[in-house]
Structures are given as structure tokens and as C-alpha cells.
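Subject: Structure handover

Hello,

Here is the structure for you to look over. My notes follow below it.

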Amino acid sequence: MLNILKYSKFYLIIVGIGMIISLILLIIWGLPLNIEFKGGSQIEVQFDNEPDVEKIKEDIKKLNLGEVVVQKSEGNGVILKTKRIDETEHKKILETLGNPKEISFENIIPTIGKELKTKTIIATLISVILIGLYIFNTFKKSSFIIPSFHYSFAVVIAGIHDILMVCGIFAILGKFCGTEIGSPFIAAILTILGYSINDTIIVLDRVRENIKIGSHEDIEETLNVSLSQIIVRSIFTSLCVLFPLVAILIWGGESVFTFAFALIWGTIFGTSSSIFIAPSLLLEMNKRK
Amino acid sequence: MSLKWQWILFGLVIFLTGFFVYFSIPYTLAEKIGIPYPNWAKPFRLGLDLKGGVSLLYEIDTSGLAKDTDQKEAVQALRNVIEKRVNLMGVEEPVVQILGGKDNWRLKIELPGMQDPQKAIEEIGKTPVLEFREEMTQEEKDQVLKELESQLTKEQIEQIKDQPIFFKPTKLTGQYLKGAKIEFNPNTYQPYISLEFTKEGAEIFHDLTKRNIEKQIAIYVDNNLISAPVVQEEISGGRAQITGQFTIEEAKELAQNLNAGALPLPIHNLSSKVIGPTLGKTSVDQSLKAGLIGLFLIFVFLILVYRFSGLLASISLVFYLSFLLTIFKLIPVTLTLSGIAGFLVSLGMAVDVNVLTFERLREEKRDKEIPVAIQPSFARSWPAVKDGNFTTLITCAILFFISTGFIQGFALTLGLGVILGLFSGMLITRLFMDVFASTRLGKFERIWSR
């Protein structure tokens, strides 16, 4: 038997600190939202030869479009970000650049992204509540040692932790690497939440089973035995989830890189929170019994 | 179930798997290898983010509608007209979708394969908005003036007041138009446009003329007053004329545009977005390649760790994957990046079902023969599998019904994937294992797991 929960307090303190740092970073820096959420225009072009970004910046400045961000992208590509521009301004910019090949042009009002954000938050909150209730109900039948709502609480906290940590990572990436997130990030966050909850439930299910059998001395031993039994499965399953994700990260191209990156971190946090956070919470809440 | 039936079922599943695999091969790949591709095997429907194209969002202005009009119906009529126009552009599988609700309607248009948003906007927007308006009563006029007082200066009010007539919207708009053609006044050779209404439109027009005898009816195109003839008598039969100071060219264009489908409601472009075909094409090919590599790694891993059981699970996963892809083709489900994400997670969970069971099998086979150990392994992994998958299904259902667009696609693929993953993991893998455990292979305990 592995004595994983020997340091349960330590895990919880580390996790608590991590969550607080993440939260602070998110409050100070926020998530690096792209124009889908902020509104504005974005043009991506591809030149035949290596473009001179400094010269482009100067040329664009002459058009008086306010603040324009000019960035290099893949190959000989350049991305320009401006306030919302109309078609004449759009054409003028392309002319100034010498009419290179236009890869994409987006002209977006922020309301769509905002609506998406609110709708996602509402949907997520409702599903978290319903999942909490579902767990409360299914774990009720065998809740004579650990109250059923403790399981719900542990699952939800583990899920919140995973999302918070991934968002924190992206706050840092946005600040220092200029990474931007769009609507696929919302899908990634939902995926992480789904995976995390599924994974935690499967771990806690083992705990429930061992409590039912009832041959162990105390809660700490029951939890440790359950974790020792399930940890191999947790590692194997997360490996199987990581295989396609890592393949996508390496070979999938730039457009899905950020997405795969978020999911990989989500899988790692999701798996570790099921093993370290949720059982530690159950233990600390029920230690005296 | 008797063994004979299990073998028959096994054969059936293998046959179906072969069929599904054949069915789920992408069209381009089939062409490359030279496999004949039957006509009835449709290609995958790819979303705009994978295929490239133009995506437009419009705001629908319903403020001009009379208060008692059914907004939903009017918006639907607008959608139909725009769809007609979009279809004329010759793009494959365009999407014209209504979003939003009361007083806040949006129209989303997706044009796969198109690369020039400005041209698209022009094509969609150039249709004139045709409206018939009627005179306001004196009370209504006073009401409007009163409302305007707070917004306008006194001078402006005085100016408007002098205009003898105020018009208000009626139900009759371009949506009831059957056709328009240019004709000439035989005396003056002045061109005019003759309109023919649909049956419904004819009735509305009849009513409108009946209650406005000796009053003016104003014809507006794109919010400009074109003419405001005085109604002499009620008109049945559904015909009307627009006379105005047109040149022949102008009249021709107006008639043509009206024919192409006058927009029953004004729309304003909110956003436009072009996704380049290079981005789409490479990301599809690359994601496909990456997905296949990832899948291969999973199979290798399963076989290394769980040996023969791992091999059976891999076949069961091939069944699950090809079945799912076939369903995507048949429904059809539009594949987008987020959809693929949902698909990946469901794949992870489908693998998990097998891993959970095999880990149980390792415990069970310590004191049992393989053929006997299989049943309790599945039975004991079920509660965990059930809870994990059901909670995911709850999330999918909520996301599907509450959100829109790509999140919905995510929920749909994940949900379908979870259901099929459960089916393949709990029933198909089980069937495979039962069948082979009953043969001599069942005696070699070591090949069933590490």
C-alpha cells in the first residue's frame, strides 16, 4: 500500500497557494482575450519574402488608424491588429503593404464574444450544480462514514482547481509570450472540466467501494488503499489521453497548438487533482471520526 | 447467451467494423490510395474553421415592424430571402442561421470556400428593402411629434410639422412580393415598375387599400420614399405599380433586385471574418495525421500493457471510432475544431472504460480462471464507468441546450462519443473477450494481462 495521504495537509497548502496565485494573476493581468472577445480588426497576410516589420509599422503609422499592433507570424506572415476598420481602410492597409496574399481578415464586434462568455459561464455553473447533486445522490447509499456531500464538494473543488490553474498558465503566457485565446479556449476549458470530474469520480468510486467492504481500520487507510488500487489506472488513462494530444501539439500545426497545449495541462492537473486534492479533502474533513 | 450466438455476433461486429471503416475513410484519402468511393458515401461536412471561407454576422433591424407583426415570422421570411440569394452565389453548403430573440435578432451567414467578404456583403446587402407605409392618424402624428420634442430642436420640429403626412409601417413588405417587372406608360413612355403580390400579399394589399381610400400609401425602397400615390379605390387581385422619376436603367435595376428577393427587413453588418483555405486545409490534414499517430500510440500502449486483452480493446476501439465517424457522416455532423476536441475527450474516456475493466481483471484473475474472471471484472468496473460517463452526459446535455454554435458542436460530438464509447467498452470488448476466453486461449492466463 502506498501512503499517498501522509502529506495530505501539505498537498492542500500547496494547492491552495497555487490557486490563490492563479487567481491573483487572473485579477491583475486577466486572460489574454483575442479580438473575438474584445472587438476590432485583424488582418493576416503572407509575403513572398521575409518582411521588414519595422518598415511596415512606419508605413502603417502614416495611415492614421490609431494604435496598430504589427506582429510576425508563421513563415513570412504578418498579423496586424487595429480598431474596427471599414472596407476602404482595409484596402488602404493592403495597398500600403504592397498587396500581399491575404490569409485572413476579421472584423468583429465584441458583443458576440461576450455573449459566448456569459452563456458558457451559465451553462458551466448549471452543469457543476447538477453534477454535484448527481454525486450527492449516487454516493448517498454508501455514505455512512463520509457524508455524501463531501464527495460532491471534493469533485467540484478539484474541477475548479484544474480550470483555475490552466487559466493562470494562460494569464502568464499572455503576459510574456503574447499568446492569445479565442473561442476554442472555452471548448478546452469545458473539456478539462469534463475530464477532471470524470476522473475524480472514478477515483472516489473506489473509495466508496472500499468503505462498503469495510475491512480497513480508519478513513486514512481506506483512502490510501483505494488510491494504491486506482493510481495505475489513473496514470495509464491519462497517458492514453495525452498520446493524441501530444501528437497534435507536435504535428497538428499552429492553429491547434494553443488548444492542445491547454488540454495537455488540463489532463495533467485533472489527473493529479483526483489523486492528491480530492482524497486529501475527504481525509481532512473526516479526520476525527 | 449461448456460445454459438456469441460467435455469430462476433462475426457480425467484425463485418460491421469493416463496413464502418470503409465508410469513414475521408474522400481525399480514398482517392489517393485508389479505393473506389461509392456515390452514397457522403464526404465529411467540415465547419468553416477547417474548410476556410467567409463568415458574416448581421443585425436584423425589426424596429420598423408594425407592433402586432409576428417578429419570428418576419425574421424567418428574411432568412428565406437571404438563403435564396446565398444559393445564387454558388457556394457549397452555405449556412444561414437566425440567432437571438425578441427585438435582438441576428443573422449568421457562413460561405465555405469563399474568400472575398466584401463581395459577399455586397451580394447579400444590395437587395432593396421594399416597404409599403400608410398615413398616420392625427392622434398618432401628435404622439410622434410629442416624442420627438425631447430629441429635436424647436426649429426642426416646426419643419417636420409642416409636412402634411406622416407614414407608419404596415405588414406589407418585400416578403409578400411574387414578382416585379418594368413597364412603360403608353402615353409618356415613362418607365414604371409593376408589382405582383403573393396570395397572402394580395389580401394584405386589398385590406390596406380598403382602409386608406382617398389617402396616400407610401412606397419605400431602402427607407427612401419612392412614390406616395393616393388610393382611388380598393384594389384586389394583388397588383400595384411604383411610378417615380426613374431612368430606364434605374427602373430595370430596381425591378431586377426586387425580383431577386427584396429584403423584408433591413440588416446591418456587424462583423466579417475570412478564414484562409491554407489554414483550414493544412490544419485538417495535420490534425488527421496527428490523430492517427496518437491513436496508433494508444494501441501500442494497450497491447504492451494488457497484451491480448489490449489487442481486443484496440479492435473494439476501431469499431467505436469508425462507427462514430460514420454517424458524423450520416447525420451529418459538421466537424469543427471544437467538435474534434469533444471527439478526443470521448476517445480518452472510451479507452478508460477498457483500462478500468482490465485493471479489475488483473485482480480477479488472481484466484479465478480467465473465462470466469471476465464477468465480475466488467460488473465491478461498471459503477465507476457509469458515474463518470453519466456526469459527462449531463454536462453535454446542458451545453447542447443552453449554448449555441461551436459549443453545441462540442457537446454533440462528446455526447455521441461517450454513448458509443460506453457501448463499445462495456459490450463489444466484453463480447470479444467472452468469445476468445472460451477457446484454448482462455487457458493461458498470462496472455490476458501483464
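Two residues count as in contact if their C-beta atoms, placed from the backbone, lie within 7 Å. Please keep in mind that this is a predicted model.

The interface comes first. On that contact criterion, 55 residues of chain B touch 51 residues of chain A. The elements that give two or more residues to the chain B side are helices H5, H10, H11, H12 and H13 and strand E12. H10(B), residues 277–330, provides the largest share, with 16 residues. By class, this side has 32 nonpolar, 18 polar and five charged residues.

E4 of chain A (residues 101–108) runs antiparallel to E12(B), and three bridges join them. There, A:Glu106 stands opposite B:Lys273.

Now chain A itself. It has nine helices and four strands. Along the sequence the order is α-α-β-α-β-β-α-β-α-α-α-α-α. Its radius of gyration is 24 Å, well over the 19 Å that the globule rule gives for 289 residues, so chain A is more spread out than a compact globule. Its C-alpha atoms fill a box of roughly 80 × 35 × 25 Å along the principal axes. Buried residues make up 44% of the chain. Of the contacts with a separation of 6 or more, 79% link residues 24 or more positions apart.

One local feature is the hairpin of E2(A) and E3(A), with four residues between the strands. Four bridges join this antiparallel pair. A:Lys72 has A:Val78 as its bridge partner. In the turn, A:Gly75 has a positive phi of about 60 degrees.

Best wishes

Technical notes. Residues are numbered from 1 along each chain as its sequence is written. Chains are lettered from A and ligands numbered from 1 in the order in which they are written. This is a predicted model: local features need pLDDT of at least 70, side-chain atom pairs count only at pLDDT 80 or more; totals for chains, interfaces and linings use all residues. Two strands pair if DSSP finds at least two bridges between them. Ala, Val, Leu, Ile, Met, Phe, Trp, Tyr, Cys and Pro count as nonpolar, Asp, Glu, Lys and Arg as charged, and the others, Gly among them, as polar. The radius of gyration is taken over C-alpha atoms; the globule rule is 2.2 Å times the number of residues to the power 0.38. A residue is buried if 20 or more other C-beta atoms lie within 10 Å of its own, exposed if 12 or fewer, and partly exposed in between; C-beta atoms are placed from the backbone.
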